[in-house]
Amino acid sequence: MLSYTERPNAARRLARFTLDWLNRLKGVDVLLFFIVMLLKQLLFNRLIHVPNMDMDGYDTVVAIGTLGLVTFWTFWLPTRGRIIALIVLDLLLSFIMYADLIYYRYFQDFISVPVLMQASQVDSLGESIGTLLHAKDFLLAADWLLIIPFAVYVIWKGRSDLRKDSYEYGYSSQRRPSLWRKVIIRVAVSAAIFAIGISMSVGNVNEAKKTWALGLFDGNWWNVSLYNVTGIVGFHGYDMYRYAKLHWIDSEQASAEETAEALAWKEARGDNRQALESDPTFGEYKGSNVILIQMEAFQNFMIGKSIGGQEITPNLNKLVKESAYFSQFYHQTAQGRTSDADFLSNCSLQPMMSGSVFIQYANHQYNCMSSTLKDNGYSTAAYHAYEGGFWNRNTMYANMDYDTFYSKKNYQIDEPVGWSLGDTSFFRQSADIIAMQQQPFYSFMITLSSHYPFTMPESEQKLNVGELDGTLMGDYLQAVHYVDASIGTFIERLKAEGLWDKTIVAMYGDHDNSIRDWSLFETFLGQPLNDLQRELILKQVPFIVHLPDGKYAGTHTNVGGQLDVTPTILHLLGISTADKTLLGQPLITSQPHSKLVVQRNGAFTDGTVYYMPSSDNVAGNGKCWNIAANALGDVQNCLGAVEDARTELSMSDQIVQHDLIASFRAAAVEASADGGKETAADTGGAGK
């Protein structure tokens, strides 16, 4: 008779029974795992509650498919090993979902590899975690109460009990299936689950990429949008693949020769800016505060226009007369759109041809205005009343050395307009913060109300747009008029706070308005448009710089682009950029200087000609327009600058993709240690 201590207790008997049951019903453990994890994904979707992203039939199929890809390999293992592997997967995936949930509530995004590489991003949750916890969140780990004790039993007691039970149920060595038969069955089952998983997950995602999610994986503007296609498990799988492909698989280390060539090229740009430091404008506004406003979809053809007897931008029209206004200023964005404009204007480097630097290279080093000003004693802050994770701003802004990023969670949505908070309330609430900001300060602000599709409340539709009423163009004019009024109110607030005469206030449009029906433009402008006119409408945005004393006011016709914003502001503040990796040059000098404004697709202008490349990329097959004559000219007049434009794009790509600023700094430190001069590379800046 067994002693008391040898008798199995109820819990042990239950565990033994469960283990034996799972051993007999081959694969039921995987089925249970699928059911539990699918329920957890449904719960996760409800907990984050992203509008218009509830799990439907498509999402469920994809979720099942991704679970298949996660578990197919467990069939290679014996029963006990498979059970342990599934328990570990349950714990791991549950923890990931829980971490994503907490991170989403704070940053409106999911944890990704670049986020983990930027450790401070996660550390910033710190004291806030307690406020982000909800009681129902623990349902994500409810099954742990059972599976953790069961896992302990399986690991410590399961082997002997399973062996004992196998003999009790007649599995003698003579009756056990052959080893090869076991292997074949396991491989076949594993392969079948893998194939089904690929079909249900990757197959459906690829189909979505061709239809309703077209362009999403190229743009990569928000991880949550990717989650809407892939599910949470699929998102993390794709995120790891994306990072590995970008930084390991497709990444090639720049050679010593390429690095030296890029260094020499960027130093030549720095020498040009250094030569301008003898200009009387250099340092003329040293110590001034800086407010830079990026205006959503604000195009240059709006300035000075009226409709129905009303000025569309009366406040900007007035500001143009009191400020330096650049009438030939171009956005240089690509697929990254708003994030590209931000990167171009603050970091003075070209965007990527595909995707966004903010997403792909957020952990690389740059010489952005925010970090340079911070190094020079400025307090720095970014303001945008939208989700902080959109365009990966949380991560990128931390790398750009902003002291604070005020995103949607920091604003009271008391005036909902379009995508988020109306710009009038946005400027008012931001001004409350700016008024308390330590001086000198740098405040970077991004408006939103004029974002496509320009949905304005009826109470804010104050223009009589005539025959354009009900069209996208009519809606765009209403939105621009509203934003103009919001900026006018903000300027009055700055004057009331005594900041207007102490601050450089600059603003620019980020990109075009996405309207592609040219008949609407022709109706508004009252004339047919040729290819050059269309290109100029698409690419030209306003750039307005108001200086504390109103100096240099008037229309400046010298050509410029978003790459020139940071060099212009830093030049006026008297902060040298000779040793910085910046592509632009100052636009406000005593004597205007000629320059080339290069577009991401290889188009360029010097203010007199506009070159449009051909689809075959053969230089001589492009078109060279004479801007003043509004007519096609001899392509030979443009060919001399084609190579310069291509070199700029190539060098910028090398600097960004290969993180060459980090290499430049390392070389400078080494040269300094060897007694050399630290003139060969950047000092200070983002990503230190």
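Analyst: Helices are DSSP runs of H or I with at least four residues, strands are runs of E with at least two, and both are numbered from the N terminus. On that basis the protein chain has 25 helices and 19 strands. The model is predicted: local features need pLDDT of at least 70, side-chain atom pairs count only at pLDDT 80 or more, and totals for chains, interfaces and linings use all residues. Residues are numbered from 1 along each chain as its sequence is written, and side-chain values use heavy atoms, leaving out hydrogens and water.

User: How do you know what span is expected for helix α2?

Analyst: The expected span is 1.5 Å times one less than the number of residues. Helix α2 covers residues 28–48, which is 21 residues, and 30 Å is expected. From first C-alpha to last, α2 reaches 30 Å, close to that value. Just after α2, H49 takes a positive phi of about 50°.

User: What makes α2 oblique to helix α12?

Analyst: The angle. Axes are lines fitted to C-alpha atoms, for helices over the stretch in contact, and angles run from 0 to 180 degrees between N-to-C directions. Helix α12 (residues 223–249) packs on α2 at about 130°, with the axes 10 Å apart. That value makes the pair oblique. The cut-offs are under 35 degrees for roughly parallel, over 145 for roughly antiparallel, 65 to 115 for roughly perpendicular, and oblique for the rest.

User: Which hand does the crossing of α2 and α12 have, and what decides it?

Analyst: α2 passes α12 in a right-handed crossing. A crossing is left-handed if the near helix is turned anticlockwise from the far one by less than a right angle, and right-handed if clockwise. On the α2 side the contact (heavy atoms within 4.5 Å) is made by Q41, F44, N45 and I48. On the α12 side it is made by Y227, I232 and V233.

User: How many residues of each class are in that contact of α2 with α12?

Analyst: There are 5 nonpolar, 2 polar and no charged residues. Ala, Val, Leu, Ile, Met, Phe, Trp, Tyr, Cys and Pro count as nonpolar; Asp, Glu, Lys and Arg count as charged; the others, Gly among them, count as polar.

User: Why is α2 called oblique to helix α3?

Analyst: α2 and α3 (residues 57–71) pack at about 135°, with axes 10 Å apart. This angle makes α2 oblique to α3. The crossing of α2 and α3 is right-handed. V30, F33, F34, M37, L38 and Q41 of α2 meet T60, A63, I64, L67, G68 and T71 of α3. By class, those residues divide into 8 nonpolar, 4 polar and no charged.

User: What makes α14 oblique to α20?

Analyst: Helix α14 (residues 314–322) packs with helix α20 (residues 472–496) at about 55°, with axes 7 Å apart. That angle makes α14 oblique to α20. From α14, P314, N315, L316 and L319 take part. They meet H481, D484, A485, I487, G488 and I491 in α20. The classes are 6 nonpolar, 3 polar and 1 charged.

User: What class does R534 fall into, and why?

Analyst: R534 is at 26% relative accessibility, so it counts as partly exposed. R534 is found in helix α22 (residues 531–539). It touches W518, E522 and L529, leaving aside residues up to four places away in sequence. E522 is 12 residues from R534 along the chain, and their C-alpha atoms are separated by 9.9 Å.

User: Is T380 buried or exposed, and why?

Analyst: T380 has a relative accessible area of 1%, so T380 is buried. T380 is in strand β6 (residues 379–383). Its contacts, not counting residues up to four places away in sequence, include K374, D401, Y402 and Y442.

User: Why is helix α23 called largely enclosed?

Analyst: 9 of the 9 residues of α23 (residues 565–573) are buried, so the rest of the structure largely encloses it. Among them are V565, P567, H571 and L573. Just after α23, G574 takes a positive phi of about 80°.

User: What share of the protein chain is buried?

Analyst: Buried residues make up 55% of the 688 residues.

Methods. Buried < 20%, exposed > 50% of the residue type's maximum accessible area, 1.4 Å probe, protein only.
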